[in-house]
Amino acid sequence: MQIIPRKEHDISRDDISENAVKVLYRLKKAGYEAYLVGGGVRDLLLGMHPKDFDVATNASPEQVNKLFRNSRLIGRRFRLVHVVYGRDVIEVATLRGHHDNAEGKQQSKTSDSGMLLRDNVYGTIDEDAVRRDFTINALYYDIKDFSVRSYEGGIQDLKRKNIRLIGDPETRYREDPVRMLRAVRFAAKLNFKIASNTAAPIKELAPLMSNIPAARLFDEVIKLFLAGYAQNTFKLLEEYKLFEQLFPHTQQCLNENDFYRRMINNALVNSDERIAQGKTLTPAFLYAVFLWPCVLETQKTLEAQGMPAAAAYHQATSQVLSNQQAHTSVPRRFTEVIRHIWDSQRRLERRVKKHLESILTHPKFRAAYDFLLLREQTGEELAGAGKWWTQYQKDNAHLIEQAKSQARERRKPRSSDRRPRRRGPAQ
Ligand code: ATP
Ligand code: MG
């Protein structure tokens, strides 16, 4: 372990979110150890803006929960506390310990493939550090003296731009196969290299991903592709045979037809640009792109079996969405948008006069139109449909404005339909 005193690093409290600082000080004042840990420290040391701030403490989840009125206990596999400040959530984890004592055996659990099913053994900071995934994530900023503690050579790996797992890579991947995705995610985001012993087992162990609940993998897909480094991430995922674990049918289509690869690549370049410009992206658009090859290929197969084109298309969209649920389960609010994007394509291409206005004023018009443009951009021959819709929007800007203001009107809550506040982080 190495201690880097305040004067030798340039993390200042001003760089840390006000709420995270509040949490750290409150814990300290109550007599507990409190550290900023993981991505927050890593990104600040690299001069980047952390996406979120995670806190580690020696207080138990119950003690943390008692200390903050605005907090709730979450998780079973890995118990944590969320301290909630409006939309900002600070995650507070209790320092984890070793599993090999008697108490540890009760509080942790491992499956036959070596996967950690539960990890609620608490311990010291030294023990906690070796349970973290990568050395560059085993960095702790201590609120007591503003020093940074680096374990397992974290700070050196940060300087050498190295993604290196702590401990024996195979064991660590077996404990939690999502770490393979995380290795790729950090390599793409930070433009780091995955160390050779950390990279070596990935291709072979990639199939362990099938043991991860599909809902967790959906969350990981969002983190992988909506952080602004999607193009790089996709390249690495394919290289390490991880993409085929998330989207098996898509991977198969990609191997057979280069058009699909170009389309995905164009979509990811556009997405990264949008994020760089501070715009938002819906996961539905991304899924509509990733699964589009499957829709077209399934449609072809159904048509070859004698089904009429329109019916085949319709059945293909349903089949593809339902098959994907087994791999990364897509929440319903997104599947509806994916469907809308796909279902609109024929109508957008045809430009039937009677339907123009309703197509244009649909709340998800923009996503469907962007999808049309993407197809054209990739080289599909759509008889100028994209350009036509661009012009049509310009000529009918007032209709769009009208529809938007009507939608705002509809969204205004009435006292009669005020629902109880949903629990869980805002999405
Ligand atoms: P970012 O927030 O930028 O995605 P991060 O490193 O902060 O990156 P989080 O998912 O926020 O990632 O997790 C916070 C910290 O918790 C990590 O830095 C790491 O130390 C630890 N951690 C998270 N997931 C795992 C895991 N699967 N195995 C071991 N440690 C993990
Ligand atoms: Mg984080």
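A residue is counted as near a molecule or strand if one of its heavy atoms lies within 4 Å of it. The structure is a predicted model, in which local features need pLDDT of at least 70 and side-chain atom pairs count only at pLDDT 80 or more, while totals for chains, interfaces and linings use all residues. Residues are numbered from 1 along each chain as its sequence is written, chains are lettered from A and ligands numbered from 1 in the order in which they are written, and side-chain values use heavy atoms, with hydrogens and water left out.

**Ligand 1**

Around ligand 1 there are 16 residues, of which Arg42, Arg132, Asp176, Arg179 and Arg185 come nearest. By class, twelve of the shell residues are charged, three are polar and one is nonpolar. In this scheme Asp, Glu, Lys and Arg are charged, Ala, Val, Leu, Ile, Met, Phe, Trp, Tyr, Cys and Pro are nonpolar, and the others, Gly among them, are polar.

Helices α2 (39-45) and α8 (178-190) each supply at least two residues of this shell, and α8 gives the most, with five. Helices (H or I, at least four residues) and strands (E, at least two) are DSSP runs numbered from the N terminus.

| Residue and atom | Ligand 1 atom | Distance |
|---|---|---|
| Glycine 39, backbone N or O | oxygen | 3.1 Å |
| Aspartate 52, side-chain N or O | oxygen | 3.1 Å |
| Aspartate 133, polar backbone atom | nitrogen | 3.2 Å |

Ligand 1 has 580 Å² of accessible area on its own, and the protein covers 84% of it. Accessible areas come from the Shrake-Rupley method with a 1.4 Å probe, and for residues only the protein chains shown count as cover.

**The magnesium ion**

Asp52 (OD) and Asp54 (OD) coordinate the magnesium ion (ligand 2) at 2.2 to 2.5 Å. Donors are N, O and S atoms within 2.8 Å of the metal (3.2 Å for Na, K and Ca), and sites may look incomplete because water is not among the atoms. Aspartate 52 is partly exposed at 31% relative accessible area, and aspartate 54 is partly exposed at 21%. Buried means under 20% relative accessible area, exposed over 50%, and partly exposed in between (1.4 Å probe, protein chains only).

**Other sites**

Glutamate 175 belongs to helix α7 (residues 169-175) and is buried, with 14% relative accessibility. Its side chain makes a polar contact of 2.9 Å with the side chain of arginine 179.

In helix α14 (residues 248-256), the buried residues are Thr250, Gln251, Cys253 and Leu254. Seen down the axis of α14, these fall within an arc of 165°, so they line one face of the helix; the arc is that of the directions from the helix axis to the C-beta atoms. Asn255 and Glu256 are exposed on the face of α14 turned away from the buried side.

Threonine 378, in the loop between α20 (365-377) and α21 (385-395), is buried at 5% relative accessible area.

Most residues other than glycine have a negative phi. Glutamate 152 has a positive phi of about 55°; this residue lies in the loop between β10 (148-150) and α6 (154-160) and is partly exposed at 39%. Arginine 351 also has a positive phi of about 55°. Arginine 351 is in the loop between α18 (332-350) and α19 (356-360), and its relative accessible area of 22% makes it partly exposed.

Note on methods. A polar contact is a pair of N or O atoms within 3.5 Å; within protein, one must be able to donate a hydrogen and the other to accept it, and residues adjacent in sequence count only if both atoms are side-chain atoms.
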